[in-house]
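Subject: Structure handover

Dear colleague,

I am passing on the structure below, together with some notes on what was found in it. Please read them with the structure open beside you.

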Amino acid sequence: MKRSEYPSQKNYRENNPSVSFRLKIEDKARLDAIIKATGKPLSQWMTDFIHYKIDPNEEISELVERIDTLEEYINESDTGEHFTVPCSVCGKPMYFSSKHSNWQTETYPKLIEAFGKSRHKECKPK
């Protein structure tokens, strides 16, 4: 036998109807990134948007810039060799990737110089 809803549940559902819609995968990923960047739940962001509590052009332009930076980082780190090193001045991470133009001429030779004689502990020296 199915249990009926409590009156409070019924009241909540009546006063807070569910809304759903479909998006292309790329659009959903973009929406998720925008929502994540605001730090708000999707329902709160949509409510603010509907009630004009946010200026979509202003907020979205700031978010687009942040999203583009994150997407660039993701694209760089998805393939190839990469690592981070803290900046000697501010301490924030600097990202090094084999996709950068100076990888072959500057970064990789320094890595070989610094770690060229390193080996796995199981590997015997030659």
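The second largest pocket is lined by Ala29, Ala33, Lys36, Ala37, Arg66, Ile67, Leu70, Glu71 and Ile74, where a pocket is an open set of points on a 1 Å grid over the protein atoms alone at which a 1.4 Å probe fits, with protein on both sides within 12 Å along at least five of seven lines, and lining residues have an atom within 4 Å of a point. Its space comes to about 220 Å³, the volume being what probe spheres set on the points fill. Helix 4 (56–78) and helix 2 (25–38) each supply at least two residues of this lining, and helix 4 gives the most, with five; helices here are DSSP runs (H or I) of at least four residues, numbered from the N terminus.

This is a predicted model, in which local features need pLDDT of at least 70 and side-chain atom pairs count only at pLDDT 80 or more, while totals for chains, interfaces and linings use all residues. Residues are numbered from 1 along each chain as its sequence is written, and side-chain values use heavy atoms, with hydrogens and water left out.

The largest pocket holds about 360 Å³ of space, and its lining includes Asn16, Phe21, Met46 and His51.

There is also one aromatic pair. The ring centres of Trp45 and Phe49 are 5.5 Å apart and their planes lie at 15°, so the pair is stacked (centres within 6.5 Å, planes under 30 degrees apart). Both residues belong to helix 3 (residues 42–50), where being four residues apart separates them by about one helical turn.

Best wishes

Terms used:
Phe/Tyr/Trp six-rings, centres within 6.5 Å; stacked < 30°, edge-to-face > 60°.
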